[in-house]
Structures are given as C-alpha cells and as structure tokens.
Amino acid sequence: MSERAKTILLVFLVALSIVLSFFMWYGVARPYVSSSAGGNQEISPAVLLNVLKPESIVINFGGMTHTPIMENSSFDSAWREFQNIVFLSSGNSTDVSESDFITAMDYRSIRYTFAFPIPVSYFNEAYGKQLDLPVNTIKDIIILSGSSPSFYIYDGFDSYVRMNLGYKNNGIETIISVNEDNAPLYSTAKDLGFTDSMRYDVLLPLDQELIKIPVISPGVLDDFEINALVSRFFESGSVVRRIKEISGDMVFTDGRRGLKIYRDGRLEYTYSTASSARVDDITAIKVATDFLVRYLPDINRVGLAGIKEEWDGYTINYVVRYNGLPVYSKQYGYPITVEVKNGQVSSLKAVSLGFSPKNTLTEIAVGALDAMDISFKEGFKYWTGLDICYVADDGRIRASWKVSDGDRTVYIDMENGSL
C-alpha cells in the first residue's frame, strides 16, 4: 500500500474514532415521535382567543379606592364580561377627552389594560367577524357598572371614545361587589395628589400588609419530562443527539433543530428554516401561538404582550400570569419570546415550563414608596408604572416592583430592595 493511501486510511480511522467516541460519551437519544416543530398546517383563528387578553384588570369601587384583580377565577369572570359587553354589543359612540376618560375612573367600574395597543383586526380575526368599534386599536377600556353599561375606550394613541349601549344584562356590578370586602385597597396617583411626579393612573397600595404574594420557583423537569418534551419537538425518525454540558444544561439537536433545557428551568429552541414565504402580522401571531399550544401545553394563562416586525420576520412577546401576577424575565425581558421567520417558528425562549409554589408568602419589606426612592437614585424623575410582578432571574423567581418611567424599566426586589 502506498504511503498516500496509508495516510488517507489513517485520517479516516482517526475521524471515525472521534465520531464514535463522541456518541459513546454523549449518547444518542432514541428517535422521538412527533409532528415537525417547523411544519406548516392550517391554524384556526381560535388560537388568538387564548392570548388576546388584558395585561391587568382593575376594579374601581367608586371614588378613591381600587384593587387589581389577582385571583384567577375573578380575572376570568371579568374577561368574559368584557367580551359579552364590548365584543358582542353595538351602540352609539361619542368622542370624548382624556379628562373625561380619567373622570370615568371615579365611578364604580372595571378597567381593562392591554400590554400594547392591540389592533381591532386581531380581534376580528379571532371572532371571525367585524366588530362594531369606532377605533382601530384598543389599549384601555373602562366599563361602568349598571344596567346600561356604557364604556370608554382609549386607543393607545390620541383617541378617546364613549360607547352608549342602552340596557344590557351584565355582571359587572356582581364582580365588583364580590371583590369589595376583602381585597387590598389602592388609590391612584391622581387621587393622592402625586400627578407632578407620576402618571395619573399609577396605583399605590394603601396597606401593603394586606397584600399576599406566594413565593414560587421555576418548574424544573425530571428525565421523564425531558424525554416527553423532546419527543414533541423533533420529527418521527429523527436521530437526536443528546449533549449534557458541564453546567448540567441539556442540549438536543438533529442538525436543523436545537433544544436547550437549562438547569434553572429555562428553555431555548432554534430551527433553521428553508422557506422564503413572507406572512403578515396576524398570521405570525397565529403561527407562534399555535406553536406554544402544541409544544408547551403545560403553560397556562399566556397573554400577547407585543409584536415587532423585523426585516425577515417578527418577534412576538408573551406574558405569563401566575397567582394573578405577570411574570417577567431578567434574561429575556418577557417570559416567552417567539421569533417567526418565513412563516415558521425559528426561535423560542421561555423562562420555565411551569412554576412551583413554596407554601410560604413573600415578606414585603420594600413598599411602593421605597421602590420609588430606590429608582430615584437610579435616575428616575417621573413614574409611569409601579406594578407588582414576579421576576425570573438566575434560577429564582422574586416578587418585585416593576418600575417604569416611559423609557426604562427596572425590577426591585420586595424583600431586600435589590435591582
């Protein structure tokens, strides 16, 4: 045998040895049975109904007392009333001023606030009909209590409208009354005279001792749950490589798809798309939401938080509610972010596949005014938001104040004041 042939054979044997050693060291997962995570299928508009929900619902008891709804059944009841009144009704509309909208908050009412101005076309698609509304987007709606439930709409830009419906059977007053006895009370910046430094609708708790926030942690998957999850992401017959990193994080890949499951519960998925199809924003949201429903079925109470158009697709953010509070992420911003390119999901980032209660309550040592002081030292001079939330960070989930000034947002731990 010639020296050249020997050299080629030796190189081949060394390469083969490296490949075999790789699979022996890391192991090869069995072929998982699932439909393709990047495949196309007809998606029902009904998937939009799962995520077109308000970010917050606040009850006004009349005058200066309010309370945000944080209990799941009350939230769901209030949302059903919204749909019954706003989306299934028609009436006469009147343009009003921002001052009129603010005054409406003084009456017994329920206010629904969405994470961003949601186009009415999204709701049209979800319901399969043209809704009778005089605005193109919806940011805030206040529904007044009573047998003639008129409501006010703010489109998120510069339009305020009052809708007069006439008599309509509704449960708005019932929802308000049910929450009136034991709910922790809040007042707005307007009520408390803080409008020089705060937006008029920022809520401040009157007695933080009454606020109960359960301590939670991110759900961490065991081996059986990991295998079940992987089987949903990879095609039947795929040869899936399984790599355990030194950190303990797990990586799965079949060459085109990659799935990384972190020790702290985070999840990242990537898919190399080959299509060149371009879709509109509603289709992108349907694709992303259907993906979540099919591949992350254990995440409940997910709401659309925003969509950003990129040159090659869309980035879609979702917020997750737990114990009635939104969950955010230090790493990702939102707890779930999906990228849709060429009509297919190309990337997913999620803080967790679920949450576990710790059977204890957060000790609120840092109140709302303390959070303002801390953020003031960070350069805040005006506050547009001061909200209670959960923040996922480095394997922990902390009850925090979400503090915003219109340009920046910081999260302040309720127990120790850390950022």
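Predicted model: local features only at pLDDT ≥ 70, side-chain atom pairs only at ≥ 80, totals over all residues.

Visitor: Which elements each supply at least two residues of the lining of the largest cavity?
Guide: The lining of this cavity includes Phe75, Asp76, Val302, Gly303, Val319 and Arg321. Helix 2 covers 72-87, strand 16 covers 302-310 and strand 17 covers 313-322. The elements that each supply at least two lining residues are therefore helix 2, strand 16 and strand 17.

Visitor: Which element gives the largest share of that lining?
Guide: Among the lining residues are Val302, Gly303 and Leu304. These fall in the range 302-310. The largest share, 3 residues, comes from strand 16.

Visitor: How much space lies in the largest cavity?
Guide: Rolling a probe the size of a water molecule over the atoms shows where empty space is left. The search of the whole structure finds 2 cavities of 30 Å³ or more. In the largest cavity the space is about 100 Å³.

Visitor: How many charged residues are in the lining of the second largest cavity?
Guide: This cavity holds about 60 Å³ of space. Asp264, Arg266, Asp393, Asp394 and Arg396 are among its lining residues. Asp and Arg count as charged, and the number of charged residues in the lining is 5.

Visitor: Are the rings of Phe233 and Tyr295 stacked, tilted or edge-to-face?
Guide: The structure holds 19 aromatic pairs. In this one the ring centres are 5.3 Å apart and the planes stand at 35 degrees. Planes under 30 degrees apart count as stacked and over 60 as edge-to-face, so this pair is tilted.

Visitor: How many residues apart are the two in the chain?
Guide: Phe233 is in helix 7 (residues 223-233) and Tyr295 is in helix 8 (residues 281-295). The pair links distant parts of the chain, and the separation is 62 residues.

Visitor: Is Asn179 buried or exposed?
Guide: Asn179 is found in the loop between helix 5 and strand 9, and Asn179 touches Ile59, Phe61 and Ser74. The relative accessible area of Asn179 is 16%. Because the cut-off is under 20%, Asn179 counts as buried.

Terms used. Residues numbered from 1 in each chain as written. Heavy atoms only, no water. Phe/Tyr/Trp six-rings, centres within 6.5 Å; stacked < 30°, edge-to-face > 60°. Helix = DSSP H or I, 4+ residues; strand = E, 2+ residues; numbered from the N terminus. Buried < 20%, exposed > 50% of the residue type's maximum accessible area, 1.4 Å probe, protein only. Contact = heavy atoms within 4.5 Å. 1 Å grid on protein atoms, 1.4 Å probe; cavity = no way out; pocket = protein on both sides within 12 Å on 5 of 7 lines; lining within 4 Å. Points joined across faces, edges and corners; volume = space filled by probe spheres on them. Lists of a residue's contacts leave out its neighbours within four places in sequence.
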